[in-house]
Amino acid sequence: MGHMESKTGSHMSENAHLQKLLDSLLEEKERERQEYQHLRKGSLEERIESGLSWPLVKLRTVREVYRGYIIHVEQTSKSTLHDGIGEGDMVILHPTNTYKNALVGRCTWVEDDEAEIRISLPRDKEIPHWLSNGAFVVTRNIDEGTYDSYQKGLQFALNGDFPLKKILLKEWNPLEEVVPYEHPQLNHMQQIAVGEALDDIVNHRECNPVTVIHGPPGTGKTHTLAILISICIQQGERPWALADSNAAADNMVRALRRLNIDVLRLGSEYRIANDVFDTSFLGRMAKHPQRDALQILEREISKSSGRAKGVLYKERREMIKNMERDILTSGQVIVSTLGTMARRAREVVYDNPSPTRIIIDEATQAIEPAIWSVVPYAQRLVLIGDPHQLGPVVNQPYLQKSLLQRLIEQAKQPPPMLNIQHRMSPSIMEMVLDVYGETYKASPVVEEQSMEFQSKPSFWKNRQRIFLDTAGFGEPEERDPVSHSLFNQTEADIVLEILHKLMNLGIQ
(Lines give C-alpha, C1' and ligand atoms only; values in the text may rest on other atoms or scores of the structure.)
Protein backbone atom coordinates (compact mmCIF):
# COMPACT_ATOMS: atom_id res chain seq x y z
CA MET A 1 0.00 0.00 0.00
CA GLY A 2 2.84 2.38 0.91
CA HIS A 3 4.51 1.60 -2.42
CA MET A 4 1.32 2.52 -4.30
CA GLU A 5 1.05 5.81 -2.41
CA SER A 6 4.66 6.60 -3.25
CA LYS A 7 4.05 5.99 -6.97
CA THR A 8 0.89 8.11 -6.89
CA GLY A 9 2.67 10.93 -5.06
CA SER A 10 5.51 10.86 -7.60
CA HIS A 11 3.00 10.92 -10.47
CA MET A 12 1.24 13.94 -8.87
CA SER A 13 4.53 15.80 -8.48
CA GLU A 14 5.53 15.07 -12.09
CA ASN A 15 2.19 16.38 -13.32
CA ALA A 16 2.28 19.55 -11.17
CA HIS A 17 4.49 21.31 -13.72
CA LEU A 18 2.23 20.27 -16.62
CA GLN A 19 -0.85 21.45 -14.72
CA LYS A 20 0.82 24.81 -14.05
CA LEU A 21 1.63 25.10 -17.77
CA LEU A 22 -1.99 24.29 -18.64
CA ASP A 23 -3.35 26.86 -16.19
CA SER A 24 -0.98 29.53 -17.52
CA LEU A 25 -1.90 28.69 -21.12
CA LEU A 26 -5.61 29.11 -20.35
CA GLU A 27 -4.90 32.43 -18.61
CA GLU A 28 -2.88 33.66 -21.61
CA LYS A 29 -5.67 32.62 -23.98
CA GLU A 30 -8.31 34.39 -21.83
CA ARG A 31 -6.19 37.56 -21.62
CA GLU A 32 -5.90 37.69 -25.43
CA ARG A 33 -9.64 37.09 -25.78
CA GLN A 34 -10.49 39.94 -23.39
CA GLU A 35 -8.05 42.28 -25.13
CA TYR A 36 -9.61 41.40 -28.49
CA GLN A 37 -13.17 41.97 -27.20
CA HIS A 38 -12.11 45.33 -25.75
CA LEU A 39 -10.63 46.45 -29.08
CA ARG A 40 -13.73 45.27 -30.96
CA LYS A 41 -15.91 47.61 -28.89
CA GLY A 42 -14.00 50.68 -30.10
CA SER A 43 -15.13 52.99 -32.91
CA LEU A 44 -14.05 52.21 -36.48
CA GLU A 45 -11.40 54.95 -36.23
CA GLU A 46 -10.02 53.40 -33.03
CA ARG A 47 -10.02 49.91 -34.55
CA ILE A 48 -8.15 51.18 -37.63
CA GLU A 49 -5.65 52.95 -35.36
CA SER A 50 -5.03 49.75 -33.35
CA GLY A 51 -4.68 47.58 -36.46
CA LEU A 52 -7.81 45.54 -35.76
CA SER A 53 -9.84 46.76 -38.77
CA TRP A 54 -8.88 48.02 -42.21
CA PRO A 55 -10.18 51.34 -43.53
CA LEU A 56 -13.41 50.87 -45.51
CA VAL A 57 -13.17 48.65 -48.57
CA LYS A 58 -15.50 47.84 -51.47
CA LEU A 59 -16.01 44.71 -53.54
CA ARG A 60 -14.29 44.55 -56.91
CA THR A 61 -14.78 40.92 -58.06
CA VAL A 62 -16.11 37.56 -56.82
CA ARG A 63 -15.14 34.11 -58.06
CA GLU A 64 -16.35 30.73 -56.91
CA VAL A 65 -13.79 28.21 -55.62
CA TYR A 66 -13.96 24.84 -53.88
CA ARG A 67 -16.08 25.28 -50.72
CA GLY A 68 -16.56 29.02 -51.03
CA TYR A 69 -15.65 32.23 -52.84
CA ILE A 70 -12.61 34.43 -53.31
CA ILE A 71 -13.54 38.11 -53.16
CA HIS A 72 -11.23 40.87 -54.34
CA VAL A 73 -11.57 44.13 -52.37
CA GLU A 74 -10.04 47.57 -52.73
CA GLN A 75 -9.68 50.57 -50.46
CA THR A 76 -12.32 53.30 -50.90
CA SER A 77 -9.91 56.12 -49.97
CA LYS A 78 -6.29 56.76 -50.94
CA SER A 79 -4.76 55.26 -47.79
CA THR A 80 -3.18 51.79 -47.77
CA LEU A 81 -4.33 48.63 -46.01
CA HIS A 82 -2.13 48.47 -42.89
CA ASP A 83 -0.32 45.29 -41.85
CA GLY A 84 -2.45 44.68 -38.76
CA ILE A 85 -4.15 42.11 -41.00
CA GLY A 86 -1.81 39.90 -43.03
CA GLU A 87 -1.93 36.95 -45.38
CA GLY A 88 -3.33 33.91 -43.59
CA ASP A 89 -5.16 35.88 -40.88
CA MET A 90 -8.75 34.99 -40.01
CA VAL A 91 -11.13 37.94 -40.62
CA ILE A 92 -14.79 38.89 -40.41
CA LEU A 93 -16.53 41.05 -43.03
CA HIS A 94 -19.41 43.21 -41.76
CA PRO A 95 -21.38 46.41 -42.41
CA THR A 96 -19.88 49.62 -41.02
CA ASN A 97 -22.13 49.93 -37.96
CA THR A 98 -22.78 46.35 -36.83
CA TYR A 99 -21.24 42.88 -36.44
CA LYS A 100 -24.56 41.20 -37.21
CA ASN A 101 -24.73 39.00 -40.32
CA ALA A 102 -20.92 39.07 -40.52
CA LEU A 103 -19.14 36.72 -42.92
CA VAL A 104 -16.16 34.70 -41.72
CA GLY A 105 -13.13 34.47 -44.01
CA ARG A 106 -9.36 34.36 -44.34
CA CYS A 107 -7.10 36.96 -45.95
CA THR A 108 -5.24 35.18 -48.76
CA TRP A 109 -3.37 38.11 -50.31
CA VAL A 110 -2.85 41.79 -49.51
CA GLU A 111 -0.84 44.54 -51.16
CA ASP A 112 -1.05 48.34 -50.69
CA ASP A 113 -4.72 49.23 -51.25
CA GLU A 114 -6.22 45.89 -52.38
CA ALA A 115 -6.63 42.37 -51.00
CA GLU A 116 -8.23 38.99 -51.58
CA ILE A 117 -10.32 37.19 -48.97
CA ARG A 118 -11.63 33.65 -49.06
CA ILE A 119 -15.11 33.26 -47.56
CA SER A 120 -17.20 30.16 -46.95
CA LEU A 121 -20.89 30.23 -47.85
CA PRO A 122 -23.39 27.38 -48.18
CA ARG A 123 -24.05 26.60 -51.86
CA ASP A 124 -27.66 27.75 -51.56
CA LYS A 125 -26.81 31.09 -49.94
CA GLU A 126 -26.19 34.22 -52.00
CA ILE A 127 -23.61 36.96 -51.40
CA PRO A 128 -25.35 39.47 -49.02
CA HIS A 129 -26.41 42.79 -50.55
CA TRP A 130 -24.34 44.91 -48.13
CA LEU A 131 -21.19 43.22 -49.47
CA SER A 132 -21.88 44.09 -53.09
CA ASN A 133 -23.69 47.44 -52.73
CA GLY A 134 -21.28 49.74 -50.92
CA ALA A 135 -18.39 50.02 -48.49
CA PHE A 136 -17.92 47.52 -45.66
CA VAL A 137 -15.40 46.66 -42.94
CA VAL A 138 -12.79 43.90 -42.69
CA THR A 139 -11.83 43.13 -39.06
CA ARG A 140 -9.25 40.66 -37.83
CA ASN A 141 -10.91 37.68 -36.15
CA ILE A 142 -9.50 35.98 -33.08
CA ASP A 143 -7.96 32.62 -33.96
CA GLU A 144 -7.70 30.35 -30.93
CA GLY A 145 -6.96 27.19 -32.90
CA THR A 146 -3.31 27.02 -31.87
CA TYR A 147 -4.15 27.61 -28.19
CA ASP A 148 -6.78 24.86 -28.41
CA SER A 149 -4.27 22.42 -29.94
CA TYR A 150 -1.66 23.17 -27.27
CA GLN A 151 -4.35 22.76 -24.60
CA LYS A 152 -5.32 19.32 -25.95
CA GLY A 153 -1.64 18.36 -26.17
CA LEU A 154 -1.00 19.31 -22.54
CA GLN A 155 -4.12 17.46 -21.42
CA PHE A 156 -2.92 14.37 -23.29
CA ALA A 157 0.54 14.72 -21.69
CA LEU A 158 -1.03 15.08 -18.23
CA ASN A 159 -3.09 11.91 -18.57
CA GLY A 160 -0.71 9.87 -20.70
CA ASP A 161 2.45 7.87 -20.20
CA PHE A 162 5.03 8.00 -23.00
CA PRO A 163 8.83 7.60 -23.29
CA LEU A 164 9.84 11.29 -23.16
CA LYS A 165 7.55 12.37 -20.32
CA LYS A 166 9.67 11.35 -17.32
CA ILE A 167 13.00 12.52 -18.76
CA LEU A 168 11.54 15.99 -19.47
CA LEU A 169 9.95 16.30 -16.02
CA LYS A 170 12.73 14.78 -13.91
CA GLU A 171 16.39 15.73 -13.76
CA TRP A 172 17.91 15.84 -17.25
CA ASN A 173 21.64 16.00 -17.97
CA PRO A 174 23.76 15.87 -21.13
CA LEU A 175 25.91 12.80 -21.76
CA GLU A 176 29.21 12.88 -19.89
CA GLU A 177 31.11 11.10 -22.67
CA VAL A 178 30.25 11.78 -26.29
CA VAL A 179 31.69 10.12 -29.39
CA PRO A 180 31.86 12.80 -32.13
CA TYR A 181 30.03 11.83 -35.31
CA GLU A 182 32.69 12.33 -37.98
CA HIS A 183 31.34 14.17 -41.00
CA PRO A 184 33.29 16.24 -43.55
CA GLN A 185 30.78 19.12 -43.47
CA LEU A 186 30.84 19.53 -39.67
CA ASN A 187 33.43 21.16 -37.39
CA HIS A 188 34.49 19.50 -34.13
CA MET A 189 31.76 20.89 -31.84
CA GLN A 190 29.09 20.26 -34.49
CA GLN A 191 30.32 16.64 -34.66
CA ILE A 192 30.04 16.37 -30.86
CA ALA A 193 26.50 17.80 -30.93
CA VAL A 194 25.42 15.37 -33.66
CA GLY A 195 27.22 12.52 -31.86
CA GLU A 196 25.20 13.19 -28.71
CA ALA A 197 21.92 13.49 -30.64
CA LEU A 198 22.62 10.19 -32.42
CA ASP A 199 24.11 8.29 -29.47
CA ASP A 200 21.49 5.58 -29.93
CA ILE A 201 22.69 5.04 -33.52
CA VAL A 202 26.44 5.44 -32.91
CA ASN A 203 26.76 3.56 -29.61
CA HIS A 204 23.41 1.72 -29.52
CA ARG A 205 22.66 3.24 -26.10
CA GLU A 206 19.19 4.26 -24.98
CA CYS A 207 20.33 6.22 -21.93
CA ASN A 208 19.51 9.77 -23.03
CA PRO A 209 16.55 10.26 -25.38
CA VAL A 210 16.64 14.09 -25.07
CA THR A 211 19.48 16.15 -26.56
CA VAL A 212 19.94 19.89 -26.13
CA ILE A 213 22.29 21.74 -28.50
CA HIS A 214 23.31 25.30 -27.64
CA GLY A 215 23.82 27.31 -30.82
CA PRO A 216 24.99 30.94 -30.44
CA PRO A 217 24.64 33.40 -33.38
CA GLY A 218 26.26 32.35 -36.65
CA THR A 219 27.42 28.90 -35.50
CA GLY A 220 25.50 26.91 -38.11
CA LYS A 221 22.53 25.64 -36.09
CA THR A 222 20.34 24.97 -39.13
CA HIS A 223 23.24 23.48 -41.11
CA THR A 224 24.01 21.09 -38.23
CA LEU A 225 20.34 20.21 -37.93
CA ALA A 226 20.13 19.45 -41.68
CA ILE A 227 23.14 17.08 -41.53
CA LEU A 228 21.62 15.42 -38.45
CA ILE A 229 18.34 14.86 -40.30
CA SER A 230 20.14 13.49 -43.38
CA ILE A 231 21.88 10.88 -41.17
CA CYS A 232 18.53 9.91 -39.58
CA ILE A 233 17.04 9.41 -43.05
CA GLN A 234 20.01 7.22 -44.06
CA GLN A 235 19.18 5.07 -41.00
CA GLY A 236 15.62 4.55 -42.28
CA GLU A 237 13.92 7.15 -40.08
CA ARG A 238 11.32 9.72 -41.19
CA PRO A 239 11.85 12.51 -38.65
CA TRP A 240 9.76 15.61 -37.95
CA ALA A 241 11.66 18.91 -38.11
CA LEU A 242 9.67 21.61 -36.33
CA ALA A 243 10.06 25.29 -35.42
CA ASP A 244 8.00 27.99 -33.73
CA SER A 245 7.77 30.29 -36.78
CA ASN A 246 7.04 29.80 -40.48
CA ALA A 247 10.24 31.68 -41.35
CA ALA A 248 12.36 29.20 -39.38
CA ALA A 249 10.46 26.24 -40.89
CA ASP A 250 11.03 27.57 -44.43
CA ASN A 251 14.72 28.08 -43.62
CA MET A 252 14.97 24.42 -42.60
CA VAL A 253 13.40 23.38 -45.91
CA ARG A 254 16.06 25.37 -47.80
CA ALA A 255 18.89 23.77 -45.81
CA LEU A 256 17.48 20.26 -46.34
CA ARG A 257 16.97 20.79 -50.07
CA ARG A 258 20.63 21.76 -50.42
CA LEU A 259 21.31 18.18 -49.29
CA ASN A 260 18.85 16.82 -51.90
CA ILE A 261 16.38 15.69 -49.24
CA ASP A 262 12.73 15.27 -50.25
CA VAL A 263 10.74 17.49 -47.85
CA LEU A 264 7.03 17.60 -47.10
CA ARG A 265 6.23 21.08 -45.72
CA LEU A 266 2.96 21.24 -43.80
CA GLY A 267 1.24 24.52 -42.91
CA SER A 268 -1.02 27.30 -44.12
CA GLU A 269 -0.60 27.84 -47.85
CA TYR A 270 -0.63 31.60 -47.22
CA ARG A 271 2.33 31.53 -44.84
CA ILE A 272 4.81 29.36 -46.75
CA ALA A 273 7.52 31.19 -48.75
CA ASN A 274 7.23 31.08 -52.55
CA ASP A 275 10.66 29.47 -53.08
CA VAL A 276 9.69 26.38 -51.02
CA PHE A 277 6.00 26.29 -51.91
CA ASP A 278 6.43 23.25 -54.19
CA THR A 279 7.22 21.17 -51.06
CA SER A 280 3.91 22.19 -49.46
CA PHE A 281 0.63 20.29 -49.45
CA LEU A 282 -0.83 22.41 -52.26
CA GLY A 283 2.46 22.33 -54.18
CA ARG A 284 2.36 18.53 -54.13
CA MET A 285 -1.37 18.51 -54.97
CA ALA A 286 -0.56 20.42 -58.17
CA LYS A 287 1.83 17.63 -59.25
CA HIS A 288 -0.27 14.70 -58.02
CA PRO A 289 -1.09 11.95 -60.60
CA GLN A 290 -4.82 12.49 -59.95
CA ARG A 291 -4.68 16.24 -60.52
CA ASP A 292 -5.89 16.02 -64.15
CA ALA A 293 -8.82 13.81 -63.12
CA LEU A 294 -9.73 16.35 -60.40
CA GLN A 295 -9.72 19.22 -62.92
CA ILE A 296 -12.02 17.24 -65.28
CA LEU A 297 -14.36 16.60 -62.35
CA GLU A 298 -14.40 20.31 -61.44
CA ARG A 299 -15.35 21.21 -65.02
CA GLU A 300 -18.24 18.73 -64.83
CA ILE A 301 -19.38 20.30 -61.54
CA SER A 302 -19.44 23.79 -63.11
CA LYS A 303 -21.76 22.51 -65.88
CA SER A 304 -24.11 20.44 -63.69
CA SER A 305 -26.96 21.35 -61.33
CA GLY A 306 -29.38 19.87 -58.81
CA ARG A 307 -28.89 16.37 -57.46
CA ALA A 308 -26.23 15.53 -60.07
CA LYS A 309 -24.08 18.42 -58.79
CA GLY A 310 -24.40 17.12 -55.23
CA VAL A 311 -23.20 13.66 -56.30
CA LEU A 312 -20.20 15.21 -58.10
CA TYR A 313 -19.36 17.33 -55.02
CA LYS A 314 -19.26 14.15 -52.93
CA GLU A 315 -17.02 12.45 -55.51
CA ARG A 316 -14.65 15.45 -55.42
CA ARG A 317 -14.49 15.33 -51.61
CA GLU A 318 -13.48 11.67 -51.71
CA MET A 319 -10.88 12.25 -54.43
CA ILE A 320 -9.27 15.13 -52.51
CA LYS A 321 -9.28 13.11 -49.28
CA ASN A 322 -7.44 10.26 -51.03
CA MET A 323 -4.93 12.66 -52.59
CA GLU A 324 -4.28 14.26 -49.17
CA ARG A 325 -3.77 10.86 -47.52
CA ASP A 326 -1.34 9.91 -50.27
CA ILE A 327 0.63 13.16 -49.86
CA LEU A 328 0.95 12.64 -46.10
CA THR A 329 2.90 9.44 -46.82
CA SER A 330 5.35 11.28 -49.13
CA GLY A 331 8.61 13.03 -48.24
CA GLN A 332 11.67 11.81 -46.33
CA VAL A 333 11.12 14.37 -43.59
CA ILE A 334 8.13 16.44 -42.47
CA VAL A 335 8.78 20.12 -41.75
CA SER A 336 6.21 22.40 -40.11
CA THR A 337 5.60 24.84 -37.31
CA LEU A 338 4.82 23.45 -33.88
CA GLY A 339 1.32 24.94 -34.14
CA THR A 340 0.58 23.11 -37.39
CA MET A 341 1.91 19.79 -36.10
CA ALA A 342 -0.05 20.17 -32.85
CA ARG A 343 -3.22 20.33 -34.96
CA ARG A 344 -2.29 17.64 -37.48
CA ALA A 345 -0.13 15.09 -35.61
CA ARG A 346 -2.87 12.48 -35.23
CA GLU A 347 -3.77 12.79 -38.90
CA VAL A 348 -0.09 12.45 -39.88
CA VAL A 349 0.43 9.25 -37.86
CA TYR A 350 -2.93 7.75 -38.92
CA ASP A 351 -1.45 6.03 -42.00
CA ASN A 352 2.23 6.48 -41.03
CA PRO A 353 4.43 5.23 -38.20
CA SER A 354 5.21 7.76 -35.48
CA PRO A 355 8.63 9.44 -35.87
CA THR A 356 11.58 8.00 -33.99
CA ARG A 357 12.94 11.52 -33.59
CA ILE A 358 11.58 15.06 -33.45
CA ILE A 359 14.09 17.88 -34.03
CA ILE A 360 13.06 21.40 -32.99
CA ASP A 361 14.96 24.42 -34.34
CA GLU A 362 14.95 27.83 -32.60
CA ALA A 363 13.55 25.97 -29.58
CA THR A 364 13.95 28.96 -27.25
CA GLN A 365 11.26 30.91 -29.15
CA ALA A 366 8.55 28.32 -28.44
CA ILE A 367 6.39 28.19 -25.34
CA GLU A 368 6.76 24.89 -23.49
CA PRO A 369 3.14 23.74 -24.16
CA ALA A 370 3.92 23.84 -27.90
CA ILE A 371 6.59 21.18 -27.45
CA TRP A 372 4.46 19.06 -25.09
CA SER A 373 1.80 18.89 -27.80
CA VAL A 374 4.15 16.90 -30.11
CA VAL A 375 6.54 14.91 -27.86
CA PRO A 376 4.03 12.11 -27.07
CA TYR A 377 4.46 10.95 -30.68
CA ALA A 378 8.25 10.40 -30.61
CA GLN A 379 10.84 8.29 -28.81
CA ARG A 380 13.64 10.87 -29.00
CA LEU A 381 13.81 14.68 -28.99
CA VAL A 382 16.49 17.14 -30.13
CA LEU A 383 16.19 20.79 -29.06
CA ILE A 384 18.50 23.31 -30.72
CA GLY A 385 18.60 27.01 -29.90
CA ASP A 386 20.19 29.78 -27.85
CA PRO A 387 18.83 30.64 -24.39
CA HIS A 388 20.52 34.07 -24.60
CA GLN A 389 18.37 35.11 -27.57
CA LEU A 390 14.70 36.09 -27.75
CA GLY A 391 12.41 33.83 -25.74
CA PRO A 392 8.66 33.28 -26.06
CA VAL A 393 6.71 36.56 -26.40
CA VAL A 394 3.89 36.03 -23.88
CA ASN A 395 2.50 37.75 -20.77
CA GLN A 396 2.16 34.80 -18.39
CA PRO A 397 5.47 34.53 -16.44
CA TYR A 398 5.34 30.71 -16.25
CA LEU A 399 5.28 30.51 -20.07
CA GLN A 400 8.20 32.91 -20.59
CA LYS A 401 10.88 30.30 -19.87
CA SER A 402 11.37 27.88 -22.77
CA LEU A 403 11.79 24.13 -22.27
CA LEU A 404 15.37 24.36 -23.60
CA GLN A 405 16.26 27.06 -21.06
CA ARG A 406 14.63 25.12 -18.19
CA LEU A 407 16.59 21.97 -19.05
CA ILE A 408 19.91 23.85 -19.30
CA GLU A 409 19.35 25.62 -15.96
CA GLN A 410 18.61 22.40 -14.07
CA ALA A 411 21.46 20.37 -15.63
CA LYS A 412 24.64 19.63 -13.68
CA GLN A 413 26.79 20.43 -16.71
CA PRO A 414 26.25 22.52 -19.85
CA PRO A 415 25.12 20.85 -23.09
CA PRO A 416 27.38 20.91 -26.17
CA MET A 417 27.77 24.46 -27.53
CA LEU A 418 28.51 25.15 -31.19
CA ASN A 419 31.45 27.55 -30.99
CA ILE A 420 32.72 28.60 -34.43
CA GLN A 421 30.71 31.53 -35.78
CA HIS A 422 30.74 32.59 -39.45
CA ARG A 423 28.82 35.86 -39.17
CA MET A 424 30.93 38.63 -37.63
CA SER A 425 34.50 39.84 -37.34
CA PRO A 426 36.28 39.48 -33.97
CA SER A 427 35.84 43.18 -33.11
CA ILE A 428 32.05 42.84 -33.42
CA MET A 429 32.09 39.45 -31.68
CA GLU A 430 33.84 41.05 -28.67
CA MET A 431 30.51 42.64 -27.73
CA VAL A 432 29.00 39.23 -26.89
CA LEU A 433 32.05 37.37 -25.54
CA ASP A 434 30.89 37.98 -21.95
CA VAL A 435 27.72 36.07 -22.80
CA TYR A 436 29.21 33.10 -24.69
CA GLY A 437 32.71 32.81 -23.21
CA GLU A 438 36.20 32.43 -24.61
CA THR A 439 35.43 29.19 -26.48
CA TYR A 440 33.24 31.23 -28.87
CA LYS A 441 35.53 31.88 -31.86
CA ALA A 442 35.37 33.58 -35.25
CA SER A 443 35.85 31.42 -38.32
CA PRO A 444 38.98 32.28 -40.39
CA VAL A 445 36.54 33.24 -43.15
CA VAL A 446 35.35 36.30 -41.17
CA GLU A 447 38.45 36.97 -39.04
CA GLU A 448 39.85 39.69 -41.29
CA GLN A 449 36.52 40.66 -42.83
CA SER A 450 36.11 44.33 -43.71
CA MET A 451 34.33 46.43 -46.31
CA GLU A 452 35.72 46.44 -49.86
CA PHE A 453 35.59 49.82 -51.57
CA GLN A 454 35.47 50.64 -55.25
CA SER A 455 36.45 54.28 -54.61
CA LYS A 456 38.42 56.23 -52.00
CA PRO A 457 37.27 54.99 -48.57
CA SER A 458 38.44 57.92 -46.35
CA PHE A 459 36.78 57.73 -42.89
CA TRP A 460 35.51 54.14 -43.28
CA LYS A 461 38.83 52.45 -44.07
CA ASN A 462 39.67 49.37 -41.96
CA ARG A 463 36.73 49.94 -39.61
CA GLN A 464 34.60 46.96 -38.62
CA ARG A 465 32.35 48.70 -36.12
CA ILE A 466 31.37 52.32 -35.42
CA PHE A 467 29.30 53.65 -32.53
CA LEU A 468 27.20 56.81 -32.93
CA ASP A 469 25.75 58.51 -29.86
CA THR A 470 22.42 60.14 -30.80
CA ALA A 471 21.48 61.26 -27.27
CA GLY A 472 20.31 64.84 -26.98
CA PHE A 473 19.56 65.79 -30.55
CA GLY A 474 16.87 63.39 -31.72
CA GLU A 475 13.22 62.68 -31.20
CA PRO A 476 12.19 60.19 -28.48
CA GLU A 477 11.16 56.65 -29.37
CA GLU A 478 7.62 56.18 -30.66
CA ARG A 479 5.43 53.07 -30.74
CA ASP A 480 3.76 51.94 -33.94
CA PRO A 481 0.02 51.62 -33.15
CA VAL A 482 -0.45 48.57 -35.40
CA SER A 483 2.68 46.46 -34.80
CA HIS A 484 3.34 47.91 -31.30
CA SER A 485 7.06 48.02 -32.22
CA LEU A 486 9.26 50.86 -31.00
CA PHE A 487 10.92 53.09 -33.61
CA ASN A 488 13.02 56.25 -33.68
CA GLN A 489 12.67 58.35 -36.83
CA THR A 490 15.89 60.34 -36.28
CA GLU A 491 18.02 57.22 -35.87
CA ALA A 492 16.35 55.68 -38.94
CA ASP A 493 17.26 58.81 -40.97
CA ILE A 494 20.89 58.58 -39.81
CA VAL A 495 21.11 54.89 -40.78
CA LEU A 496 19.66 55.73 -44.21
CA GLU A 497 22.19 58.52 -44.73
CA ILE A 498 25.11 56.21 -43.82
CA LEU A 499 23.72 53.53 -46.12
CA HIS A 500 23.67 55.95 -49.07
CA LYS A 501 27.27 57.06 -48.31
CA LEU A 502 28.50 53.45 -48.24
CA MET A 503 26.67 52.60 -51.47
CA ASN A 504 28.23 55.63 -53.14
CA LEU A 505 31.64 54.32 -52.08
CA GLY A 506 30.87 51.07 -53.93
CA ILE A 507 29.90 48.80 -51.02
CA GLN A 508 27.79 45.86 -52.18
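1. Start with Asp112, which counts as exposed at 51% relative accessibility. That is a close call, because exposed means over 50%. Keep in mind while you look around that this is a predicted model. Asp112 sits in the loop between β4 and β5 (114-119). Its phi is near 55 degrees, a positive value in a residue other than glycine.

2. Now hop over to Asn101, in the loop between β3 (90-94) and β4 (103-111). Here, too, you'll find a positive phi, about 60 degrees, although Asn101 is not a glycine.

3. Next, find Gly310 in helix α12, which covers residues 306-328. Is it buried, partly exposed or exposed? With a relative accessibility of 27%, Gly310 counts as partly exposed, because that label covers the range between 20% and 50%.

4. Last stop, the second largest pocket. It holds about 310 Å³ of space. Which residues lie nearest its centre? Those are Met451, Trp460, Gln464, Arg465 and Ile466, out of a lining of 16 residues. By type, the lining of this pocket divides into 9 nonpolar, 4 polar and 3 charged residues.

Conventions: Residues numbered from 1 in each chain as written. Predicted model: local features only at pLDDT ≥ 70, side-chain atom pairs only at ≥ 80, totals over all residues. Heavy atoms only, no water. 1 Å grid on protein atoms, 1.4 Å probe; cavity = no way out; pocket = protein on both sides within 12 Å on 5 of 7 lines; lining within 4 Å. Points joined across faces, edges and corners; volume = space filled by probe spheres on them. Nonpolar A, V, L, I, M, F, W, Y, C, P; charged D, E, K, R; others polar. Helix = DSSP H or I, 4+ residues; strand = E, 2+ residues; numbered from the N terminus. Buried < 20%, exposed > 50% of the residue type's maximum accessible area, 1.4 Å probe, protein only.
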